[in-house]
Amino acid sequence: MRALFSRWALDSGFVLALLALSAFGVAMIYSTGQLNVPSPVVEGVWIRQLVWFALGLTAFTIISRISSNWIEWISVPAYVLAVVLLAVTLVVGTGRGTAAGVTSFLQFGGFQFQPAEVAKIATILALARLMASRREATGHGSRRSWQLTDVIAPSALVGLPLLLVLLQPDLGTAMAFVGILMAVLFWSGIPLTYLFLLVSPAIALIVSFNTWLFSAYMVVLVGLLYLRRSRLYTFEYVAVLVFNLAVGTVARILWDSLAPYQQNRVLVFLDPGLDPQQAGYHLVQSKVAIGSGGLTGKGFTLGTQKRFNFLPEQHTDFIFAVIGEEFGFVGTLLVLSGFAYVLFRLVRMATGTGSHFASFVLFGIFGAWITHVFVNTGMTVGLVPVTGIPLPFISYGGSFLLMCWVAAALAVRAARQH
Amino acid sequence: MNQFQVAHPEASQRARIAVVGLIALFAVLTVAFFRLQVLEANTYELRSESNRLRPFPIEAPRGAVFDRDGRVVASSVPGYSLHVFPSAASEVMETTLERLQSYLDLDDERIELLLERARREPYQPLLVDGDADFDLVSTLEEHRAELPNVVVRMDPKRQYQAARAVSHLMGYVGEVTAEELEQERYSEYSRGMTVGKEGVERQYEARLQGKRGLRYSEVDALGRVVSSPFGQVVQAPEPGVDMQLNLDLDLMEWIHHIFPDSMRGAVVVLDAEDGGVLALYSAPTFDPNSFVGGIEPDEWASLNSDPDQPLFNRAVVGRYAPGSTWKLAVAAIGLQLGLVEAHEHMPQGCTGGMFVGNRRFGCWEEAGHGALNLVEAIQHSCNVYFYQLGLRIGLERLLANANEMGFARQCGIDLPRESPGVFPGGLGFWEERFGYRAQETEVLSLAIGQGPNDQTPLGIAQFYLAMARGGQAPAPRILRGEEAGATWDIGISPEHGEVLIEGLRRVFMPGGTGYMSSLEHWELMGKSGTAQNAQDPDRSHAWFAAMAGPRGEQPEIVVVVLVELGESGSIVAAPLAAKSADYFLRKRYGIPTDTIQTLREHILTGTPAPWAIW
């Protein structure tokens, strides 16, 4: 029996953890349907999640047996197709449920799916292909061979779908793309200074709202560039400076272009008491749910915050708050440990695999999942701004769960590469 | 060591960094959750409790109102109201209302109206039925599963047992309005409370209104009560104080029964002993129960647009020319000033009219009354006699004395919105009102109860009460057992009072206008009035003011009847007054009330009336 499972799963511990998380997810989605004023919509969704879970396992079984070469070959067409689908979604996409104002779904007959989920995996594959080929071309790349300009191609590759997702607008999924890019670049061995310089405009954006902070930051940046001057071309550090200054100064204009709900979410992140009935409401109610769960929770299906509908989007983005409420700190710790183990396994697999491509695929998945897990759980306690980002394997969402299992299949397949 | 690790020397270093980063990230998360769920758990448990426990007021039952014999006039009974809670999706409201159609009377038009209101106040529970009966409520409870958004609220509601008979006296209740809340009187009230709007309900609001209680109920994020509707009572409500009225409920129902359905008018019955209001009736009437739980807009509109004005309290607010009932005031002033004696004749006998200057002023009896003394003039209601008495008193003195008697004041009844009488305060009145100087001949119309003189039926009752009591009368009182404040004093001596009473008694003698309304058991004294008015020049208002009691004794009650456009005080108003008095006195003296007949009815039905004076 164990041998049989091991043969199917390829990586028993990893897949066992994912199975446990998925099954727990279905149970939690069942729980979110148990309300005091029954809502016929949410009551039955756990059955649909169960069906998608079965589909996910089927996909896992098939994809985990596909030849790695074929996966490598399909990565580029898949990427192109995903970008096209994202572009199409912007034109004919539909919103759904609470995200009614967002165009993130494509509909085929009665079947809806999120192209962004497909795009995430396609981007991981394409990015892995790019990084692997680059490494092969530079002949087992060493530290010296890195230049700042080397980040342009991978950034552009991720930037295109990221931009299309941002236009939907879906801030949460866009963050996952950033996570993928950062993780893969990190794994490619790029000097951490370069990684910092790459994200420096984003930091400039954040600090630009305080003149003093921005000035201090620019001093640090210039200092860093000076220390690294020997490794940078002149145009590179000029570019970094210009980008930082440009972002810092146009930040206000960018800010004004954000939708009010997005502005609100950022503001509420900075000061949760600011707008308790609007964006902050989510965070306050989520913290009350989690905090009132205490050490051991209120019991399965018995969360009162959930039962009385105080929690927003409780079967999707805020399902972790329901877990916290019903199973307490013990429950959150167990689920977090599960994810930590899964992510740890991904790092080990990436270290142990035999091909560059497989290794980057694994780290891409690592980047996507760690972003999802950290941002999703972090937002329920106010560590990060409230963003529409689901918790892998647990949140309700058909195509999302399916794609999580596809990613899992690619991971175990990639780990087997010699 | 595999191929990759050889090829990528930093890999193990990067993996170490990744693992350290992973541990750091999860450590941060663990600390955050530990802080929230272990260190601050108590705070959040408390917040979770207060999150879902909301304070709700418990409405206090209004004080019950009893009549003089302890019968219930108005009480508080359990009432149910149906609300539909708002939902995120607007179709839910529509579906719920359509489902409700099979349980209660909701036509499509009404649903449209309700949906319109739901759109205007999307976050408020929608009131569908403010006064649902118990059967409906229990049916809905059985079908709770298909109507999850329907909520039944239980609040005490007002019930008027005698409904239409007591509507103008009791008034009605309704939700306190935004404008009312700004007034000092309602400074301690809050939205959604039920207050008295008219009548006794308004007058004694402070006494009848209890004190709201407080309970906590579990609600969900939309404010929907999700647990027991009774919740956890923190403070029990204090019911309002019960009240007993001087009112005789049986008499009210009797008056409601005998007053002609097609007529408009008023009946006031006062207790001669203490001025207590035994009955106060205005027709047409309305059902105060329909205001309970909020009156339907179309019903409110039809009550307001009805040309008969059913909401108008004719007994206390309505003002009418008093006609001949007011001749007693002229007689009283004449006696008071020593200008006339009981058996004194006026210089001119009645020939159906008289000339003053070159203008002829008519008597209602065109054939003329001949020579009459004061008592006979009251009996026959002779205009010519009173013209001359009026001229003898003079306009200025008549105005002064009538004002002193109180004809331009309120009686001070314990009801809201009482109209004061309209009576000229002095000679300037004509210039102000009509733009010309008062002529001495103005006194002629005033002397027969016409001219610029309008009195409420209550005001006339108060005047007759004063006469019945020998000159003074306390303010009419609705509430039992409370000393009346202001008193009326018409300032006549007992001997003069006797003269007036004698005149009134003669009205029920053969030839008097009340004769046909004589009663078997009681002595009646009274005066008819047939007052011309601007409403309809061809049809006069019919008045009858009477006092009654056992034969040879002091009158025990005063009855005033006004029938708008009733044309004849003696034929239309007098029998109503007589039968009202008969009912009350029969009840008081234990005589069966099923044989009440006036003399006219005896004659018409051929029942012998050996008691009648022939």
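The contact between the two chains takes 41 residues from chain A and 41 residues from chain B, two residues being in contact if their C-beta atoms, placed from the backbone, lie within 7 Å. This is a predicted model, in which local features need pLDDT of at least 70 and side-chain atom pairs count only at pLDDT 80 or more, while totals for chains, interfaces and linings use all residues. Residues are numbered from 1 along each chain as its sequence is written, and chains are lettered from A in the order in which they are written.

**Chain A side of the contact**
- On the side of chain A that touches chain B, α15(A) gives the most, with 11 residues; helices are DSSP runs (H or I, at least four residues) and strands likewise (E, at least two), numbered from the N terminus.

**Sheet in chain B**
- An open sheet of 5 strands has the order β12-β11-β19-β18-β17 (chain B), with antiparallel pairing, where two strands pair if DSSP finds at least two bridges between them.
- β12 (277–283) and β17 (522–531) of chain B stand at the edges with a single partner strand each, so one side of each is left without a neighbour in the sheet.
- Strand β11 (residues 265–271) and strand β19 (residues 557–563), both of chain B, pair in the antiparallel sense over 7 bridges, and Val268(B) stands opposite Val560(B) in β19(B).

**Contacts of one residue**
- Leaving aside neighbours within four places in sequence, Ala573(B) is in contact with residues including Ser528(B), Trp543(B), Phe544(B), Val561(B) and Gly566(B).
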